[in-house]
Amino acid sequence: MHLEEFAEGSSFLHRLDPRVKFLAIIPYVLVIAIMHGQKGPFAALLVSTLLTVLARLDMRKLLNRLVAVNVFVFLLWVFIPFSYPGEAVFQIGPLTATREGILYVLSITLKTNAIVLATIAILGTSEIFSLAHALIHLKVPDKLVHLFFFFYRYITVLHEEYSRLKNAMLIRCFKAGTNMHTYRTYAYLVGMLIVRSYERSQRIYQAMLCRGFRGRFPVVSHFRLGKGDVVFGLSMAVVTVMLTVI
């Protein structure tokens, strides 16, 4: 499980100052979220798609992420058109889909994909430690930054522990079923995962102390604002303002 797969690259967006990325993405996402209709979200989706092209992301991995997100969006298409009041378009048995409901869920779909693509292209092209460092510079409380960093970073660690335990079960010819043996085995799996996670956390904490952690991480390299960062920040500001008037 690799959570920083889009951070590996050498595109223009990969080299940007993470502080500028945060200052650019936050208003951009907020504007998209409060949009109405379909024209604004569609324009935002085009901009976000352009950002993914500039980031030169792996399209297969990107599509996998979009599929996972749109599984939940699909559920909206199942329910909202038939429960939103408005002009009837078609009928399936006792259910009637309305034009307003279809347009409403279409707007949600466009906005969701625009936000996901922009977030991956801008924030996903930086390493998690760089993003945490940028948040410190932006005066976000240290405890929140550390909580964000550890939560993101050690999801991978927990997944690795889970994979080891699951492989051990498979080696012992475990086959899941609807019986007490299966339920008991999964209970043992959860228990062992908790125990191993605690033991791993103790080793991690000792390693942090050895590296000079005293409530804050010592940082050797610092950010330097360049011309490209300024140009990108101003460009995103202009695009964000333009989206508000569409």
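A residue is called buried under 20% relative accessible area, exposed over 50% and partly exposed in between (1.4 Å probe, protein chains only). This is a predicted model, in which local features need pLDDT of at least 70, side-chain atom pairs count only at pLDDT 80 or more, and totals for chains, interfaces and linings use all residues. Residues are numbered from 1 along each chain as its sequence is written, and side-chain values use heavy atoms, with hydrogens and water left out.

**Helix 6**

- Helix 6 covers residues 142-171; helices are DSSP runs (H or I, at least four residues) numbered from the N terminus.
- Its 30 residues reach 44 Å from first to last C-alpha, close to the 44 Å expected at 1.5 Å a residue (1.5 Å times one less than the number of residues).
- A kink of about 35 degrees is centred on Tyr154, the bend being the angle between axes fitted to the seven residues ending at a residue and the seven starting there.
- Buried residues of helix 6 include Val145, His146, Phe149 and Leu165.
- The buried residues of this helix pack against helix 5 (128-137) and helix 7 (180-210).
- Just after helix 6, Cys173 has a positive phi of about 65 degrees.

**Aromatic pairs**

- Four aromatic pairs are found in the whole structure; rings of Phe, Tyr and Trp (its six-membered ring) pair if their centres lie within 6.5 Å, with planes under 30 degrees apart stacked, over 60 edge-to-face and the rest tilted.
- Phe82 and Phe90 are edge-to-face, because their ring centres are 6.0 Å apart and their planes stand at 90 degrees.
- Phe174 and Tyr186 also form an edge-to-face pair, at 5.7 Å centre to centre and 90 degrees between planes.

Definitions and conventions: Helix = DSSP H or I, 4+ residues; strand = E, 2+ residues; numbered from the N terminus. Contact = heavy atoms within 4.5 Å.
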